[in-house]
Amino acid sequence: MDQPVVIVNFKAYSEGIKKGEEIARAAREINENGEVFVAIAPDFIQLKSLVEFAPVFAQHTDAVNPGSNTGRITPEMVKASGATGSLINHSERPLILSDIEFLISAFRELELTSVVCTNNIPVSKAVAALTPDFIAIEPPELIGTGIPVSKADPGIVEGAVKAVQKVDGNIMVLCGAGISEYEDFVAALDLGAKGVLLASGVVKAKNPGMKLKELVGI
Ligand code: G3P
């Protein structure tokens with residue numbers, strides 16, 4: 001993939017339910033333009049219905065096999081929904097190491113894309129050894145603050161990119177937390193990130209579709 005990547009995580013924001021389709025339609029428009037690749041990570045309720053507009057990621061998948069497991073989301077369910085992949089180990093939905101490994105392997109098998117979230121450089125380096133498709137570094141203390149990681153803590157982004165590339169040059173590194181303006185997005189790319197993972201800056205905006213387009217500079 002040549003273009004920068006943006007993943008919009010709806011989290012459990014009520015705005016994400018009300019304006020999910022608006023965001024998905026904006027993502028489609030941006031993808032048609034071709035300069036930036038935008039995917040969305042809606043709540044599970046909207047997952048299947050938004051697949052027609054843009055590449056969709058689950059916000060979480062459980063490390064369980066199909067069968068006698070109640071209230072779980074298996075990798076196979078994510079595949080059946082038409083999603084492209086899933087966020088794994090988001091700091092708001094952390095997993096143990098063996099579950100992260102289970103999911104990365106299951107996703108590879110099912111041809112789904114794995115985006116593993118990490119909170120610092122050593123964890124990013126450790127996760128790189130499991131060879132996910134993406135690693136998204138997000139310092140938890142900046143999440144939802146509007147203070148962009150790419151400006152507030154450029155060292156963590158550069159450090160994670162270097163550490164991950166050293167382990168496996170094929171893994172793409174995203175950064176997230178507080179990204180809400182075009183300049184934050186550009187700063188992330190300048191630091192060597194492949195793109196950004198973001199939520200509140202777009203999902204909670206008054207006009208989230210327009211905001212998303214502004215954010216990617218289209
Ligand atoms: O998954 C994205 C996220 O945790 C960053 O959230 O609201 O700071 O963009 P936000």
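Let's start at the ligand. One of its oxygen atoms is 3.0 Å from an N or O atom in the side chain of N9. Keep in mind that this is a predicted model.

Two more side chains make this kind of approach. H90 has a polar side-chain atom 2.8 Å from an oxygen atom of the ligand. In E138, a side-chain N or O atom is 2.9 Å from a ligand oxygen. How much of the ligand's accessible area does the protein cover? On its own, the ligand has 310 Å², and the protein covers 100% of that.

Where does the ligand sit? In the largest cavity. The residues around the ligand include K11, I143, G144, A177 and G178. L197, L198, A199 and S200 also surround the ligand.

Now the nonpolar side. In soluble globular proteins, nonpolar side chains tend to be buried together. Here, the largest nonpolar core has 56 residues. Which of them have the most contacts inside the core? They are V6, V8, I40 and L212.

Terms used
Residues numbered from 1 in each chain as written. Predicted model: local features only at pLDDT ≥ 70, side-chain atom pairs only at ≥ 80, totals over all residues. Heavy atoms only, no water. Core = buried A, V, L, I, M, F, W, Y, C linked by side-chain atoms within 4.5 Å. Buried < 20%, exposed > 50% of the residue type's maximum accessible area, 1.4 Å probe, protein only. Near = heavy atom within 4 Å. Polar contact = N/O pair within 3.5 Å; in protein donor to acceptor, adjacent residues only side chain to side chain. Areas by Shrake-Rupley, 256 points an atom, 1.4 Å probe, with all protein chains shown as cover. 1 Å grid on protein atoms, 1.4 Å probe; cavity = no way out; pocket = protein on both sides within 12 Å on 5 of 7 lines; lining within 4 Å. Sits in = over half its atoms within 2 Å of the grid points.
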